[in-house]
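Please open the model in your viewer and keep the selection tool at hand.

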Amino acid sequence: MSLADELLADLEEAGNEGEDGLYPEGEEGDSLEDIPEEMEVDYSKAESVTSIAKLRNSKQFSEITEKITLYIGKNRKNSEVSGPVEADPEYRLIVAANNLTVEIDNELNIIHKFTRDKYSKRFPELESLVPDSLDYIRTVKELGNNLEKCKNNETLQQILTNATIMVVSVTASTTQGSLLSEEELKQLEEACDMALELNQSKHRIYEYVESRMSFIAPNLSIIVGASTAAKIMGIAGGLTNLSKMPACNLMLLGAQRRTLSGFSSTSLLPHTGFIYHCDVVQSLPPDLRRKAARLVSAKCTLASRVDSFHESSDGKVGYDLKEEIERKFDKWQEPPPVKTIEDDAYQEDLGFSLGQLGKSGSGRVRQAQVNEATKARISKSLQRTLQKQSMTYGGKSTVRDRSSGTSSSVAFTPLQGLEIVNPQAAEKKVAEANQKYFSNKAEFLKVKKESKN
């Protein structure tokens, strides 16, 4: 038997052992569950939108809207609540209203799919050009069978941007869709009206929850405002669910995916939700807003956990967190500290200095960059030589400096005024000393002879 045959035999034995001994009877099938794949339902064959979207006519929807109308005129305070706040009927109404907004969003998605499947017969390209569900529904209601309404339509300009309208009008002129029947148009109009009515109810619930945010989540409202707090709490599904959410996920609540139809994506801001667009973050420069959104999200998570346990009902924790946020914002926007510039003695000895750069009152911004590794270092003897060369006798003379072709032996002195000097006198003394000690013709004056022992 070859090595390959032995290996195959061992694998077969291992497989048989696994089938017989590792999984006893009845356990193998129970341990693994079949996970059904999420399939998109086709609503094109549905007769009407009321057969698939039943929330608007439900008993729960009507009861919650009636209670909101009843409570919206009352202004209550925390002192009026006796016992645990969960037992208060208005608190339970707020939680139910938040849960209802999530159901309304799901219902709007169903209506959007129904409208898309029905209207794809007339204008199939509109789905990719208008990705937002509500904008798509409003556009379908405005256009209908007549796609020529895209041009010079004031109502459509309030729904879509001018660039999107231009792309929609060009695509509508070349679409291969067919006209819809009167019954299909009636079904689409009914679906669009239901979606707009549900969206209006959702905004009414948001307004009510926003007016009660100081009652349900005072600390969170102080940080980001009542409007933003109501939005993120509505999407999260209540204050308890919001308090369990990490800060990185809370920052993405309200993020929208946009398609710019082939235009530039430089203005697109991915991974930005309600917190990024709140007033606290938008007050900063654009380069600091993402960093600020992360900080505000972290503080909102802490504030929501405090509110979920009904601590600090006066908002003290919220004020402390907001003060900490503002303090960090001010720290980020501070200018960098000014570096102190020390005088370089070695460079000045070589005749190079920074002048007035970096000194107080100079008004200069920059200084020459000096590399510490290659900075020149001179000995003391070279320093004395440079000092002798820079010395002048009898005052400042243009002959000694050789700075001009019109040389003169007249020097200006502070004591006697004008004075005629010999600028070569100092050089003559140096030359005589050099000839005495360092001349090529100089001889040794004394030579000590070695003694022979």
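**A tour by selection**

Begin by selecting R56 and E197, whose side chains meet in a salt bridge with an N to O distance of 2.8 Å; the term requires a side-chain nitrogen of Lys or Arg within 4 Å of a carboxyl oxygen of Asp or Glu. R56 lies in the loop between α2 (28-31) and α3 (59-71) and E197 in helix α9, so the pair ties together parts that are 141 residues apart in sequence. Helices here are DSSP runs of H or I with at least four residues, numbered from the N terminus. R56 is partly exposed at a relative accessible area of 25%, and E197 is partly exposed at 37%, where buried means under 20%, exposed over 50% and partly exposed in between, using a 1.4 Å probe and protein chains only.

Before going further, note that this is a predicted model, in which local features need pLDDT of at least 70 and side-chain atom pairs count only at pLDDT 80 or more, while totals for chains, interfaces and linings use all residues. Residues are numbered from 1 along each chain as its sequence is written, and side-chain values use heavy atoms, with hydrogens and water left out.

Next, select E324 and K328, which both lie in helix α17 (residues 316-332), four residues apart, about one turn of the helix. Their side chains meet in a salt bridge at 3.9 Å, N to O. E324 counts as partly exposed at 23% relative accessibility, and K328 is partly exposed at 34%.

Is K299 buried or exposed? K299 is buried, with a relative accessible area of 11%. Leaving aside neighbours within four places in sequence, K299 is in contact (heavy atoms within 4.5 Å) with I223, L321, E324 and I325.

Of its 81 residues, I111, Y119, V209, L242 and V296 touch the most other members. The largest share, ten residues, comes from helix α4 (residues 89-119). Select I111 and show what it touches: V49, A53, I137, A191, M194, A195 and L198, not counting residues up to four places away in sequence.

Finish at helix α12 (residues 226-236), where the buried residues are T228, A229, A230, I232, M233, G234 and A236. Their cover includes α4, α9 (182-211), α10 (213-216), α11 (218-224) and α13 (239-243). Just after α12, select G237, which takes a positive phi of about 95 degrees.

Definitions and conventions:
A nonpolar core is a set of buried Ala, Val, Leu, Ile, Met, Phe, Trp, Tyr and Cys residues joined through side-chain atoms within 4.5 Å. Helices (H or I, at least four residues) and strands (E, at least two) are DSSP runs, numbered from the N terminus.
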